[in-house]
Amino acid sequence: LEKFYDVYKVSSEHDNLKYLDALMIVHPQNLGQKLQENIRDYSLSGGKVLAFFDVATEAQQIYAPVTSMFTASDYGILPKAWGIRFVDKGVVADLGNSSFVDATKDYASNPEFTQDAIQFYVRNDGFVRQSRIVANLKKMLVTSASIFVPEKDAKIKFEPLLVAGKNSQLMSAKVVYDRIVPAVILRNFKADNKAKVLSARI
């Protein structure tokens, strides 16, 4: 990003958000109340916000002990101010777009691949082509994704950008927190025939 933009890190004392062209927030934890209010006021005054929500940052397990705890993103007052709800207690399993992973510890001599419905691809109809934001995208790999829903009676325009496939299920996030293996997830999978919005423009 720094090759194309002037990037500044926002601190809890930062109160000049109105001078930013855009604000990117990635998996926040423990946002101060003042900063939450500044972000709310900035966004509701027309400021552009790119917000990334996560149920569990699995990538951190590459660099941290396996005993480290998964935690969902904590946006404080902001989802309600934006008129949305992020289902942080659930995780999407998409069997129809699942990836294939090695289910053994001896890949070199005895690999055994299985479908991983928690780590799946968004492709084809998963991109809402009416939106120019995703119109040219071909494939995207996501993992531990959950869903967004508009709050009842919220005065917003909720525009889905990415959606899960029809052969999918919203499972408890415990399957990720408890590190349930893909084979067990597959045995317990049952499509729920419900629409699932993974990303949206508000």
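This is a predicted model: local features need pLDDT of at least 70, side-chain atom pairs count only at pLDDT 80 or more; totals for chains, interfaces and linings use all residues.
## Salt bridges

The side chains of Arg 40 and Asp 41 are joined by a salt bridge, with 3.1 Å from N to O.

Another salt bridge links Asp 192 to Lys 196, and here the closest N and O atoms are 2.6 Å apart. The two residues belong to separate accessibility classes. Asp 192 has a relative accessible area of 25% and is partly exposed. Lys 196 has a relative accessible area of 4%; because buried means under 20%, Lys 196 counts as buried.

## Surroundings of Ser 168

Both members of that pair are also contacts of Ser 168. Ser 168 belongs to strand β10, which covers residues 168-172. Is Ser 168 buried or exposed? With a relative accessible area of 0%, Ser 168 is buried.

Leaving aside residues up to four places away in sequence, Ser 168 touches Val 92, Ala 93 and Asp 94, as well as Phe 189, Ala 191, Asp 192, Asn 193 and Lys 196.

## Residues with positive phi

Most residues other than glycine have a negative phi. Ser 144 is not a glycine, yet its phi is positive, at about 55 degrees. Ser 144 is placed in the loop that runs between β7 (139-143) and β8 (148-150). Its relative accessibility is 2%, and therefore Ser 144 counts as buried.

Arg 179 also has a positive phi, near 55 degrees, and is a residue other than glycine. Where is Arg 179 found? Arg 179 lies in the loop between α3 (174-177) and α4 (182-187). How accessible is Arg 179? Its relative accessibility is 38%, so Arg 179 counts as partly exposed.

Key: Residues are numbered from 1 along each chain as its sequence is written. Side-chain values use heavy atoms; hydrogens and water are left out. Helices (H or I, at least four residues) and strands (E, at least two) are DSSP runs, numbered from the N terminus. Buried means under 20% relative accessible area, exposed over 50%, partly exposed in between (1.4 Å probe, protein chains only). Contact means heavy atoms within 4.5 Å. A salt bridge is a side-chain nitrogen of Lys or Arg within 4 Å of a carboxyl oxygen of Asp or Glu.
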